[in-house]
Structure formats: structure tokens, C-alpha cells
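Here are my notes for a first look at this structure. Please read them with the model open.

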Amino acid sequence: MIGEVRIQNYKSIQKLKLELGRVTVLIGENGCGKSNILEAIALASAAASDKLDNEFLAARGIRVTEPRFMRSAFEKENLALDIIISLLGQNKQELSFVLNNDNHPYSQWRNKEAGKLSLLKLRDFLKTFDGDKEEFITKIANDENVFINIFQEPLSKVIDSMKLHNFLIYSPENYSLRIFEREEQIQPLGIYGEGLFKLLQVLSLEENQEKLTEIKKLLRLIDWFKDFELPRTYSEFEYSLQITDRYLDTDLSYFDQRSSNEGFLFLLFYFTLFISDITPKFFAIDNIDASLNPRLCRRLIEELVELAKNNDKQVILTTHNPAVLDGLDLEDEEQRLFVISRNQLGYTKATRILKPQPLEGQEPVKLSEAFLRGYIGGLPKNF
């Protein structure tokens, strides 16, 4: 897992350090920079995969704009400076990405650290190399595989250990979840929920039945839900999820996803995302509370924390719903809550919230109440 992320010169972020848990929740007023934190990590993931073209950035959930406005615009000089994103693994391994764009029309982002890292590794290797150094340098110059095996593969292993390659910012949408035939260039799940039907078909295979059963069990958080079935035979033209409502007459049998409510579809997406072995190990969900009842939000977070632990997932969530906070146990170091805000200069900052301690003679206050009363921050102050 990734234990810490440091970001410099990205949108509203001048300089920021965030110590992550397995489940990290970000709260704060609109426009404070919550999504910018997620985007910066997604940008680092794109750099780690050497996919910095705009179409790849957008597919990860990054709101791509003119290169100069991807930097912090607090001072004019910043518009040409590098974006720097560093990530520290729990085993103290570190990755840094220094990203630059010359701001010319159609120019591409590039990772300035890519070549530098390899040169530093070559320098360190040669310090302890006791053979003929000139002969060795000639060998790696003429054989790309030698260079890759010695210098590129160790870097790739660090990226893999941090599970950084496939970081996406999911923002599921009602339309994409209902129109199952849509798929995105990033698989198995696109950032808006594309590809859900195909992934459910994979989970319906005999070897994955246990996971599908777990999803169905969790979906019973929805009172009316009884079961769902996928078509018994695969057809590229059949994208119908047969959903059973326990209150309906048995003669009506089932309805499909187009007639289902949004809350059910969002839960189906979240549980599939957390339970599947082929979805990313590290990802974010923007506005986890969308379309969900407050009490359901609290229970959902409790379930997602357990799913993250059981399936080795790491996730960052953003929310505006106080009920989400009541699903967290802040005495568990793997669960963390941050209030994101902007200081007097407009820079995004992050403040970690620990479990509120009641004043002497007072009853403990729920996190949702502490949030609404303004005890922990994260609320607008201008009205």
C-alpha cells in the first residue's frame, strides 16, 4: 500500500502531504481541492505507466485542461514550473514523478524523472561493479534487454508493489450503469461504471461463484432486493440483468436494470469493484454518497472497510454527506479522515481528524454531528 503522497504545483495544491490509510475519506467544502488530490495521484499513475496523453488522463478521471492551468495559478511564474508528485510505500520505497509541459499547442506531458532514475541506478550500480566498466557500458548500450533487466525491472517492481499502475477516479453515473452495453478503453470497469455487465458475467463463471454470492448477500442492504440473475447463455446483444423484488407478485418474475433505482445500481457497482480480483487494488471514488440514503451511507462505509481489508484494496473516498463519517472507526489506523480546506492564500491544505474527545461532563458526539456543528471544519465560512 501507499503510506504517503506529496504533491507540489498541481491546480489548487501548492504543496501538500497526505498520510493515507487503507480507507481514507476526504471532506470539505466545494472547490477546496479534494478532487485535485485524487487527480494528482492519477497523474502519477499515468506517468508510472508512461501514458500521459490527454485521452489516457481523461479516462483515469482527470479533468484535463490547458497545461498551464494544470499547475497552481497563484503566481504567474508557476504556470511553467514542474508538477511534482512523490509516493512513499509502507516499506519506505519511494517514487517521484516530475512532470512538465512546454505549454505549446498539442504539446505532451513528459516525466523528467524517467531518464534520471535510470541514470542514478546506473551510477549506483557502477560504484560496486568490479568488472571492466567500459566493456559493461558498451554491452548495455548495444543490448537493450541487459539495461531493462538491471535498471528498469527493479523500478517496475516498486510500482507494482505500490499497486499504482491502474489508479482510477471512479464517479459512477446512472446512465452508464443502466446502459450495460457501453465499455470504456480502460477495463474491466470504466470510471463511470462502463463494463459492469461484462464483469458480472465473469464473476458468474463457476470458479467465481463465491464472489457473486457475496455481492448478492451485500445487496440485501436494499430492503426489497431478493436476487439477480444473468443470462444463462452469452449473447453480445443481450445485456439484461434479471432482478427479483421480494415484494412483487411471483407471476411478474423479474425486471431489468433499466427499471431499477439508482441506489441499487450504485451499490452493485461498489461491491463488484471491491470484491473482484481484476479491478484495481488502489483507486478513488469521488462523491461516494451520490444517490444514497444517509443511513445506507453509514452502513455502506462499514461494509467497504471490511471488503478493502479482505480483498487487499486501498481506496480514497470523497463525500459531502456527514453520515458517511459515522461508518468510520478512527481508532483503527487503517481508517483515516481528513478535512480539506484552503488557507488564506488559497492553497489546498489537509488536516487529519482523530476521534473527537467529549468535553468533561458531556456525552460523546457522533462524527456526523461534529461535522455539522462545525467542530472539525470542512464547512463554508462565508455565510
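**Notes on the predicted model**

1. Now look at α1 itself. The helix covers residues 34–48, which makes 15 residues. From first C-alpha to last, α1 reaches 22 Å. That is close to the 21 Å expected at 1.5 Å a residue. Is α1 enclosed or open to the outside? Helix α1 is largely enclosed by the rest of the structure, because 15 of its 15 residues are buried.

2. Seven of its nine residues are buried, so β1 is largely enclosed by the rest of the structure.

3. Which strands pair with β1? One is β4, which runs antiparallel to β1 and is joined to it by six bridges. Ile-7 stands opposite Ile-85 of β4. Another is β2 (residues 13–19), also antiparallel to β1, again over six bridges. Here Tyr-10 has Ile-13 in β2 as its bridge partner.

4. Check the hairpin of β1 and β2. Two residues lie between the strands. Lys-11 takes a positive phi near 50 degrees in this hairpin.

5. Follow the chain to Asn-78. This residue sits in the loop between α2 (54–59) and β4 (83–89). Is Asn-78 buried or exposed? Asn-78 counts as buried, because its relative accessibility is 5%, under the 20% cut-off. Beyond its neighbours within four places in sequence, Asn-78 is in contact with Asn-9, Gln-14, Arg-71 and Ser-72.

6. Turn to the nonpolar cores. The largest has 65 residues. Phe-228, Phe-271, Ile-285 and Leu-337 touch the most other members. Helix α9 (residues 262–275) gives the largest share of this core, 11 residues. Another core lies apart from it, with 41 residues, including Val-5, Ile-41, Ala-48 and Ile-62. In soluble globular proteins, nonpolar side chains tend to be buried together.

7. Not counting residues up to four places away in sequence, Ile-285 touches Tyr-170, Tyr-270, Leu-273, Phe-274, Val-315, Ile-316, Leu-317 and Thr-318.

8. Finally, the cysteines. How many disulfides are there? The count comes to zero, with a pair of cysteine sulfur atoms within 2.5 Å as the test. Cys-32 is buried, with a relative accessible area of 2%. Cys-297 is buried too, also at 2%.

Notes: Residues numbered from 1 in each chain as written. Predicted model: local features only at pLDDT ≥ 70, side-chain atom pairs only at ≥ 80, totals over all residues. Heavy atoms only, no water. Buried < 20%, exposed > 50% of the residue type's maximum accessible area, 1.4 Å probe, protein only. Helix = DSSP H or I, 4+ residues; strand = E, 2+ residues; numbered from the N terminus. Contact = heavy atoms within 4.5 Å. Core = buried A, V, L, I, M, F, W, Y, C linked by side-chain atoms within 4.5 Å. Expected span 1.5 Å × (residues − 1). Pairing = 2+ DSSP bridges.
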